[in-house]
Amino acid sequence: MAVERTFSMIKPDATRRNLTGAIIKTLEEAGLTVVASKRVWMSRREAEGFYAVHKERPFFGELVDSMSSGPTVVQVLQGENAIAKNREVMGATNPTEAAEGTIRKQFALSIGENSVHGSDAPETAAQEISYWFSETEIVG
Ligand code: RTP
Ligand code: MG
(Lines give C-alpha, C1' and ligand atoms only; values in the text may rest on other atoms or scores of the structure.)
(Ligands and ions follow the chains in the order given, each with its own letter.)
Protein backbone atom coordinates (compact mmCIF):
# COMPACT_ATOMS: atom_id res chain seq x y z
CA MET A 1 0.00 0.00 0.00
CA ALA A 2 1.22 3.46 -0.85
CA VAL A 3 1.26 6.59 1.28
CA GLU A 4 -1.24 8.97 -0.32
CA ARG A 5 -2.62 12.45 0.23
CA THR A 6 -6.28 13.36 0.03
CA PHE A 7 -8.32 16.52 0.42
CA SER A 8 -10.84 16.80 3.26
CA MET A 9 -13.28 19.48 4.44
CA ILE A 10 -15.11 19.93 7.72
CA LYS A 11 -18.26 21.63 6.42
CA PRO A 12 -20.11 24.64 7.95
CA ASP A 13 -22.83 22.47 9.52
CA ALA A 14 -20.08 20.85 11.61
CA THR A 15 -17.91 23.89 12.44
CA ARG A 16 -21.12 25.65 13.58
CA ARG A 17 -21.75 22.87 16.10
CA ASN A 18 -18.11 22.94 17.34
CA LEU A 19 -17.38 19.45 15.96
CA THR A 20 -14.00 20.27 14.38
CA GLY A 21 -11.98 18.55 17.12
CA ALA A 22 -14.23 15.48 17.29
CA ILE A 23 -14.01 15.00 13.52
CA ILE A 24 -10.22 15.40 13.44
CA LYS A 25 -9.94 12.92 16.33
CA THR A 26 -11.92 10.34 14.32
CA LEU A 27 -9.69 10.92 11.26
CA GLU A 28 -6.49 10.63 13.32
CA GLU A 29 -7.70 7.48 15.06
CA ALA A 30 -8.21 5.95 11.60
CA GLY A 31 -4.50 6.49 10.88
CA LEU A 32 -4.76 9.71 8.86
CA THR A 33 -2.40 12.62 9.57
CA VAL A 34 -3.37 16.28 9.02
CA VAL A 35 -0.46 17.69 6.98
CA ALA A 36 -2.15 21.00 6.03
CA SER A 37 -5.12 22.85 7.52
CA LYS A 38 -6.84 26.23 7.41
CA ARG A 39 -10.21 27.69 8.27
CA VAL A 40 -11.91 29.56 5.43
CA TRP A 41 -15.31 31.16 4.90
CA MET A 42 -15.71 30.40 1.24
CA SER A 43 -17.45 32.80 -1.11
CA ARG A 44 -20.29 31.60 -3.34
CA ARG A 45 -17.87 31.89 -6.26
CA GLU A 46 -15.29 29.66 -4.52
CA ALA A 47 -17.97 27.09 -3.64
CA GLU A 48 -19.28 27.11 -7.24
CA GLY A 49 -15.74 26.61 -8.57
CA PHE A 50 -14.91 23.83 -6.14
CA TYR A 51 -18.15 21.94 -6.91
CA ALA A 52 -18.24 22.79 -10.66
CA VAL A 53 -18.56 19.07 -11.47
CA HIS A 54 -22.03 19.15 -9.85
CA LYS A 55 -23.29 22.36 -11.53
CA GLU A 56 -26.08 20.64 -13.49
CA ARG A 57 -27.32 18.65 -10.49
CA PRO A 58 -30.63 19.67 -8.85
CA PHE A 59 -28.95 20.12 -5.45
CA PHE A 60 -26.21 22.49 -6.72
CA GLY A 61 -27.82 25.74 -5.46
CA GLU A 62 -28.50 24.26 -2.05
CA LEU A 63 -24.91 22.92 -1.88
CA VAL A 64 -23.39 26.31 -2.73
CA ASP A 65 -25.69 28.06 -0.19
CA SER A 66 -24.69 25.63 2.53
CA MET A 67 -20.94 25.68 1.79
CA SER A 68 -20.84 29.49 1.84
CA SER A 69 -23.01 29.78 5.00
CA GLY A 70 -20.14 29.69 7.53
CA PRO A 71 -16.56 28.57 8.17
CA THR A 72 -15.12 25.41 6.64
CA VAL A 73 -11.88 23.71 7.69
CA VAL A 74 -10.01 22.67 4.54
CA GLN A 75 -7.27 20.13 5.11
CA VAL A 76 -4.87 17.69 3.49
CA LEU A 77 -4.72 14.22 5.02
CA GLN A 78 -1.83 11.82 4.53
CA GLY A 79 -1.53 8.11 5.22
CA GLU A 80 -1.54 4.60 3.79
CA ASN A 81 -4.39 4.36 1.29
CA ALA A 82 -5.58 7.79 2.48
CA ILE A 83 -8.21 8.39 -0.23
CA ALA A 84 -10.17 5.18 0.39
CA LYS A 85 -9.56 5.25 4.15
CA ASN A 86 -10.96 8.77 4.44
CA ARG A 87 -14.06 7.82 2.39
CA GLU A 88 -14.56 4.81 4.64
CA VAL A 89 -14.33 6.78 7.90
CA MET A 90 -16.63 9.50 6.45
CA GLY A 91 -19.40 7.00 5.67
CA ALA A 92 -22.14 7.13 3.02
CA THR A 93 -23.25 10.51 1.61
CA ASN A 94 -26.71 10.01 3.12
CA PRO A 95 -26.30 9.68 6.91
CA THR A 96 -29.26 7.30 7.14
CA GLU A 97 -27.17 4.86 5.06
CA ALA A 98 -23.85 5.50 6.83
CA ALA A 99 -22.24 2.69 8.84
CA GLU A 100 -21.99 2.77 12.64
CA GLY A 101 -18.96 4.72 13.89
CA THR A 102 -18.49 6.75 10.70
CA ILE A 103 -18.33 10.54 10.88
CA ARG A 104 -21.57 11.01 8.93
CA LYS A 105 -23.42 8.45 11.06
CA GLN A 106 -22.28 10.26 14.21
CA PHE A 107 -22.63 13.88 13.10
CA ALA A 108 -24.36 14.51 9.74
CA LEU A 109 -27.74 16.31 9.78
CA SER A 110 -28.93 15.37 6.29
CA ILE A 111 -27.69 14.32 2.84
CA GLY A 112 -26.83 17.96 2.09
CA GLU A 113 -25.46 18.97 5.49
CA ASN A 114 -23.32 15.89 5.90
CA SER A 115 -20.43 17.41 7.89
CA VAL A 116 -17.44 16.32 5.77
CA HIS A 117 -16.11 16.07 2.24
CA GLY A 118 -13.38 13.77 0.95
CA SER A 119 -11.82 13.32 -2.50
CA ASP A 120 -12.97 10.23 -4.37
CA ALA A 121 -9.91 9.42 -6.56
CA PRO A 122 -6.22 10.34 -7.00
CA GLU A 123 -6.98 12.83 -9.80
CA THR A 124 -9.69 14.67 -7.83
CA ALA A 125 -7.49 14.63 -4.71
CA ALA A 126 -4.64 16.37 -6.57
CA GLN A 127 -7.04 18.87 -8.14
CA GLU A 128 -8.89 19.64 -4.89
CA ILE A 129 -5.66 20.00 -2.86
CA SER A 130 -4.30 22.51 -5.38
CA TYR A 131 -7.63 24.45 -5.32
CA TRP A 132 -6.97 25.38 -1.66
CA PHE A 133 -3.26 24.88 -0.94
CA SER A 134 0.15 25.69 -2.38
CA GLU A 135 2.88 23.01 -2.00
CA THR A 136 4.68 25.08 0.67
CA GLU A 137 1.60 24.99 2.94
CA ILE A 138 1.71 21.18 3.08
CA VAL A 139 4.07 19.84 5.74
CA GLY A 140 4.33 16.07 5.62
P1 RTP B 1 -18.35 14.65 -1.05
O2 RTP B 1 -18.04 14.81 -2.52
O3 RTP B 1 -18.86 15.91 -0.41
O4 RTP B 1 -17.24 14.05 -0.27
O5 RTP B 1 -19.54 13.64 -0.89
P6 RTP B 1 -19.97 12.46 -1.80
O7 RTP B 1 -18.93 12.13 -2.82
O8 RTP B 1 -20.39 11.42 -0.84
O9 RTP B 1 -21.24 13.07 -2.52
P10 RTP B 1 -21.41 13.73 -3.97
O11 RTP B 1 -22.38 12.89 -4.73
O12 RTP B 1 -20.08 14.02 -4.58
O13 RTP B 1 -22.15 15.09 -3.61
C14 RTP B 1 -21.41 16.20 -3.12
C15 RTP B 1 -22.17 16.82 -1.98
O16 RTP B 1 -23.38 17.40 -2.46
C17 RTP B 1 -24.39 17.31 -1.45
N18 RTP B 1 -25.53 16.56 -1.95
N19 RTP B 1 -26.77 16.90 -1.73
N20 RTP B 1 -29.59 17.00 -1.63
C21 RTP B 1 -29.01 16.01 -2.27
O22 RTP B 1 -29.61 15.11 -2.81
C23 RTP B 1 -27.54 15.96 -2.30
N24 RTP B 1 -26.80 15.06 -2.89
C25 RTP B 1 -25.51 15.43 -2.67
C26 RTP B 1 -23.77 16.62 -0.26
O27 RTP B 1 -23.32 17.61 0.64
C28 RTP B 1 -22.60 15.86 -0.88
O29 RTP B 1 -21.60 15.59 0.07
MG1 MG C 1 -18.10 13.56 -4.15
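UniProt positions are given in the numbering used here, feature names are shortened, and annotations may be inferred rather than shown by experiment.

**Ground rules.** I'm working with a predicted model, where local features need pLDDT of at least 70, side-chain atom pairs count only at pLDDT 80 or more, and totals for chains, interfaces and linings use all residues. Residues are numbered from 1 along each chain as its sequence is written, chains are lettered from A and ligands numbered from 1 in the order in which they are written, and side-chain values use heavy atoms, with hydrogens and water left out.

I looked up the UniProt "binding site" annotation (unreviewed entry), and it covers Lys 11, Phe 59, Arg 87, Thr 93, Arg 104 and Asn 114. The lining of the largest pocket includes Lys 11, Phe 59, Arg 87, Thr 93, Arg 104 and Asn 114. For the record, a pocket is an open set of points on a 1 Å grid over the protein atoms alone, where a 1.4 Å probe fits, with protein on both sides within 12 Å along at least five of seven lines; lining residues have an atom within 4 Å of a point.

**Ligand 1.** Where does ligand 1 sit? I found ligand 1 in the largest pocket (more than half of its atoms lie within 2 Å of the pocket's grid points). Helices here are DSSP runs of H or I with at least four residues, and strands are runs of E with at least two, numbered from the N terminus.

**Contacts.** I checked polar contacts next, meaning pairs of N or O atoms within 3.5 Å. An N or O atom in the Thr 93 side chain is 2.3 Å from an oxygen atom of ligand 1. I noted that Thr 93 is in the loop between α5 and α6 (103-107). A polar side-chain atom of His 117 is 3.0 Å from a ligand 1 oxygen, and for Gly 118 a polar backbone atom is 3.0 Å from a ligand 1 oxygen.

Terms used: A polar contact is a pair of N or O atoms within 3.5 Å; within protein, one must be able to donate a hydrogen and the other to accept it, and residues adjacent in sequence count only if both atoms are side-chain atoms.
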